[in-house]
Amino acid sequence: MTLKYYTDMAGAGYDNKFFQTVQLHDDRSEVETQVINLYPELTYETFEGFGGAVTEAAGYVYLLMNEKQRKQVRETYFAKDQMNYRLVRIHMDSCDFCMDTYWMKKAGRIM
């Protein structure tokens, strides 16, 4: 069985064009390793968009760029004909990609 995946998210860079084919095989070992159950009448969540994380180090490198490079980064991530990011998250407290180590709770208070 062949599963053909199409996106219906217009403007995501695919515009309802063919996206991926997956070849499914019969279950011969009685272990359901390639089972897809589709129940279109059941919905659990709404897909709001695709995005990524921004760290302090990424912000620092962005600030080192000239305006032409910054524009290219913004367009690559956020333009509808590129990656079409709709969401960006930032971390709370420091992380592996920070310029320094810090934390938001200090002396028993949230800063």
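User: Taking helices as DSSP runs of H or I with at least four residues, and strands as DSSP runs of E with at least two, both numbered from the N terminus, where does Asn84 lie?

Analyst: Asn84 lies in the loop between α2 and β4. This is a predicted model, in which local features need pLDDT of at least 70 and side-chain atom pairs count only at pLDDT 80 or more, while totals for chains, interfaces and linings use all residues. Residues are numbered from 1 along each chain as its sequence is written, and side-chain values use heavy atoms, with hydrogens and water left out.

User: Is Asn84 buried or exposed?

Analyst: Asn84 has a relative accessible area of 4%, so it counts as buried. Buried means under 20% relative accessible area, exposed over 50%, and partly exposed in between, using a 1.4 Å probe and protein chains only. The phi angle of Asn84 is near 60°, a positive value in a residue other than glycine.

User: Back up a bit. How many helices and strands does the protein chain have?

Analyst: There are two helices and six strands. Along the sequence the pattern runs β-β-β-α-α-β-β-β. Of the 111 residues in the chain, 8% are buried.

User: How much of the contact in the chain is between residues 24 or more positions apart?

Analyst: Among contacts with a separation of 6 or more, such pairs account for 44%. Contact means heavy atoms within 4.5 Å.

User: Next, salt bridges. How many does the structure hold?

Analyst: Two. A salt bridge is a side-chain nitrogen of Lys or Arg within 4 Å of a carboxyl oxygen of Asp or Glu. In one, Arg74 pairs with Glu67, the closest N and O atoms being 3.1 Å apart. In the other, Lys71 meets Glu75 at 3.8 Å, N to O.

User: Where do Lys71 and Glu75 lie?

Analyst: Both are in helix α2, four residues apart, which is about one turn of the helix. Lys71 is partly exposed at 44% relative accessible area, and Glu75 is partly exposed at 41%.

User: And why do Arg74 and Glu67 count as partly exposed?

Analyst: Arg74 does because its relative accessibility is 34%. For Glu67, the relative accessible area is 48%, so it is partly exposed too.

User: What about Arg70, which has no salt bridge?

Analyst: Arg70 lies in helix α2, residues 67-78. It is buried, and the nearest side chain of opposite charge, Glu67, is 4.3 Å away. For charge, Lys and Arg count as positive and Asp and Glu as negative, with His and the chain ends not counted.

User: Which residues is Arg70 in contact with, leaving aside neighbours within four places in sequence?

Analyst: Tyr62, Leu63 and Met65. Met65 sits in the loop between α1 and α2 and, at 23% relative accessible area, is partly exposed. With its own neighbours within four places left aside, Met65 is in contact with Arg70 and Val73.

User: Which residues lie nearest its centre?

Analyst: Val54, Ala58, Tyr62, Val73 and Tyr77, out of 15 lining residues. The elements giving two or more residues to that lining are β3 (50-54), α1 (56-64), α2 and β4 (85-90).

User: How does the lining of the largest pocket divide into nonpolar, polar and charged?

Analyst: The lining has 11 nonpolar residues, three polar and one charged. Ala, Val, Leu, Ile, Met, Phe, Trp, Tyr, Cys and Pro count as nonpolar, Asp, Glu, Lys and Arg as charged, and the others, Gly among them, as polar.

Methods
On a 1 Å grid over the protein atoms alone, a cavity is a set of points where a 1.4 Å probe fits but cannot get out, and a pocket is an open set with protein on both sides within 12 Å along at least five of seven lines; lining residues have an atom within 4 Å of a point.
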